Amino acid sequence: MGPFVAVLFDGFAYGMLLFLISVGLSVTLGMMNFVNLAHGAFAMLGAYVTVTLMNSFGWPFLATLPLAFIVAGVVSVGFEQTLFRPLYRASDLDQVLLTIGLVFMAVAAVSYVFGTESQPIHIPDYLRGFITVGSANFAVYRIFLVVVALLVSVLLIAGLEYTRFGAQIRAAVDNQRMARGLGIDVNRIFAYTFALGSGLAGLGGALAIEVVGLDHSFALIYLIVMLIIVSVGGLGSISGSFVAAIVIGISDTAGKYYFPYLGAFLIYLVMIAVLLWRPAGLFGKR
Amino acid sequence: MPAPSSLVPPQQFLAKQVRWHPLEIVFWIATLLPFYFFPSYLSLASQIAIAALFALSLDLILGYAGIVSLGHAAFFGVGAYAAGLFSKFVWGEPFSGLIVAAVLAGVVGYATSFIIAKFRHLTLIMLTLGIGLLLLEGANSASWLTGGADGLQGIDIWPLFNTFDFDLWGYTAYTYSLIALFVIFVATRRLIHSPFGLSLRGIRENSVRMPAIGAPSEAHIRKVYTISAVMAGIAGALIAQTTSTVSLESLSFERSADVLVMVVLGGAGRLYGGIVGSIIFLVARDQFSGINPQYWLFWIGLLLVLVVMFLPNGILGGLARIKLFQRGKA
């Protein structure tokens, strides 16, 4: 019983981490329909903001998290205004090429500035250690991840569903021309939405360092997992990404525990099976 | 591809397209130059010819049928491993190895084409990526057969026709790869200037409307995807045979991304796009190999951004536009 619960919890917590780094993509790719492979680069940016602030300026870990969100969000708006906006109506291929080009440049720039070694991080003591319940150990940091992920998803779903700004986003995404006709500044809404998505990427990246480490290739390695979660969850569905992240997190952790020789085989298999069964993803409408 | 200015009968239109342009003949003669002028670069030339064949295979589905694939290395890798394993367990005769690799890649391509033909857009991109990664993980797990991360050991390629050894200088390698590229290029050229090739372009423009004029989209996509997989498999087999090495890299996402960059750089949907792109890409990489490979990635990224922003149809597309512009002024 012990290991089973532990594997389940670890998988769930890993899923929550995956949710945190990919929920922003669910906003930019899912809602705005822009194939944004640069999402991984914004996540990496947030992670490096946290590492730099902690290691060079001595900031406490929790204080760096809002800044990771803000920096990634602000920088992404710069790109959105200049490079991405002209491509909103372009083909999938053009969007893929431009954004993967940016990922390549980000990877090279980071290895130029920070080198290729993995970055150390020292999380505060109160986030370390384990809580023991019965025979199972639960890592405090993983519990922290689960709490943050639940908080983010509740805030995001409530914000999109019940606030004026959320309604404007949904209107702008659903029907641009109609939204413009109603006096909504669609360009401004899209810029804010993009900043929100990339900011979440930065936050997720910062939270991920402790679990998965951080080096220059972060943007490329986790890009694929992010894409898997968003496409399995269904484009534009926050709750879909949440469920998909749990499914992928648990199948990956359980797969590595029970069938180590399969490697990452299982999550690709899960993705292909889900997409064959429901091409628009679990909760996708389009 | 310029549209016919006035309506001509389709047979005449296709016949006009099939005719060889003098520049094309010049280009193919120029491919022989490395033998005389750059004999020390023959192994690079052989790599370029193989990459060009791989790019041609991607261009067939990307540029003509409009299928965006992020996992085309799957077939390249299947071909490479098939050729390597064939030489290890059966015999090292190159031609038969090439055919076995082509058939095996074609079988995998045909099997996956049923999935590919059913989807479009992001789902399609994710499925090609997923199938590619699945094969990579499969090859990694099956290390008893593939050697896993260490690469395949025990490849033994016999000399071509039992006389021409695959030497260190790459004379045989380049000759072999260039002949393969040329033969397959001529076949592809014929294919895309056939009614089948025209209907592929129709599918790229509007896959829903094509069945209405009697061209079944799904069947056509299955067919072209299988052909493309065969070509990619041959390219993979060529690299396995000319270098006597097969590693997991041949199945990797990087290889899929590189070939996509080559096709887009040269110009997708233009026969010579992939070839020009692979020449520029590999020569540049060879010249910049002195600098840290991490920084090389930066220039590739910048190139991609610039091509998307300013040269939507790649280098060849840009040249064609300049030509049209000059003709308009005259």
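Where in chain A does Asn33(A) lie? Asn33(A) sits in the loop that runs between helix H1 (2-31) and helix H2 (39-57) of chain A. The legends below cover this loop and several other views. The model is predicted: local features need pLDDT of at least 70, side-chain atom pairs count only at pLDDT 80 or more, and totals for chains, interfaces and linings use all residues. Residues are numbered from 1 along each chain as its sequence is written, while chains are lettered from A and ligands numbered from 1 in the order in which they are written.

**Figure 1. Chain A as a whole.** Chain A has eleven helices and two strands; helices (H or I, at least four residues) and strands (E, at least two) are DSSP runs, numbered from the N terminus. Along the sequence the pattern is α-α-α-α-β-β-α-α-α-α-α-α-α. The C-alpha atoms of chain A fill a box of roughly 60 × 45 × 35 Å along the principal axes. The radius of gyration of chain A is 19 Å, which agrees with the value near 19 Å for a compact globule of 286 residues. That radius is taken over C-alpha atoms, and the globule rule is 2.2 Å times the number of residues to the power 0.38. Of the 286 residues, 49% count as buried. A residue is buried if 20 or more other C-beta atoms lie within 10 Å of its own, exposed if 12 or fewer, and partly exposed in between, with C-beta atoms placed from the backbone. Among contacts in chain A between residues at least 6 apart in sequence, 77% join residues at least 24 apart; two residues are in contact if their C-beta atoms, placed from the backbone, lie within 7 Å.

**Figure 2. Chain B as a whole.** Chain B comes to 15 helices and zero strands. Its radius of gyration is 20 Å, close to the 20 Å given by the globule rule for 330 residues, so chain B is as compact as a globular protein of that length. The C-alpha trace of chain B spans about 60 × 45 × 40 Å along its principal axes. Buried residues make up 49% of the 330 residues in chain B. The mean pLDDT of chain B is 84, and 95% of its residues reach 70 or more; pLDDT is the predictor's confidence in each residue, from 0 to 100. The model scores ipTM 0.82 and pTM 0.85.

**Figure 3. Where the two chains touch.** In this view, 33 residues of chain A are in contact with 30 residues of chain B. On the side of chain A that touches chain B, the elements giving two or more residues are helix H4 (92-114), helix H9 (218-233) and helix H11 (265-277) of chain A. H4(A) gives the largest share of that side, 16 residues. The residues on that side of chain A divide into 26 nonpolar, five polar and two charged. Here Ala, Val, Leu, Ile, Met, Phe, Trp, Tyr, Cys and Pro count as nonpolar, Asp, Glu, Lys and Arg as charged, and the others, Gly among them, as polar.

**Figure 4. The largest nonpolar core.** This core has 202 residues, and those with the most contacts inside it are Val103(A) and Ala105(B). Its largest share, 16 residues, comes from helix H4 (residues 42-64) of chain B. A nonpolar core is a set of buried Ala, Val, Leu, Ile, Met, Phe, Trp, Tyr and Cys residues joined through C-beta atoms within 7 Å. Not counting residues up to four places away in sequence, Val103(A) touches residues including Leu37(A), Ala41(A) and Leu223(A).

Figure 5. Strand S1 (residues 130-133) and strand S2 (residues 136-139) of chain A pair in the antiparallel sense over four bridges; two strands pair if DSSP finds at least two bridges between them. Val133(A) stands opposite Ala136(A) in S2(A). The hairpin has two residues between the strands, and Gly134(A) takes a positive phi near 60°.

Figure 6. Most residues other than glycine have a negative phi. Asn33(A) has a positive phi near 60° and is partly exposed, with 18 other C-beta atoms within 10 Å. Ser244(B) has a positive phi of about 55° although it is not a glycine. Ser244(B) lies in the loop between helix H11 (217-243) and helix H12 (253-266) of chain B, and is partly exposed, with 16 other C-beta atoms within 10 Å.

**Figure 7. The surroundings of Ser198(A).** Ser198(A) is found in helix H8 (residues 186-212) of chain A. Ser198(A) counts as buried because it has 32 C-beta neighbours inside 10 Å. Leaving aside neighbours within four places in sequence, its contacts include Gly24(A), Phe42(A) and Ser76(A). The C-alpha atoms of Ser198(A) and Ser22(A) are separated by 9.7 Å, with the two residues 176 apart along the chain.
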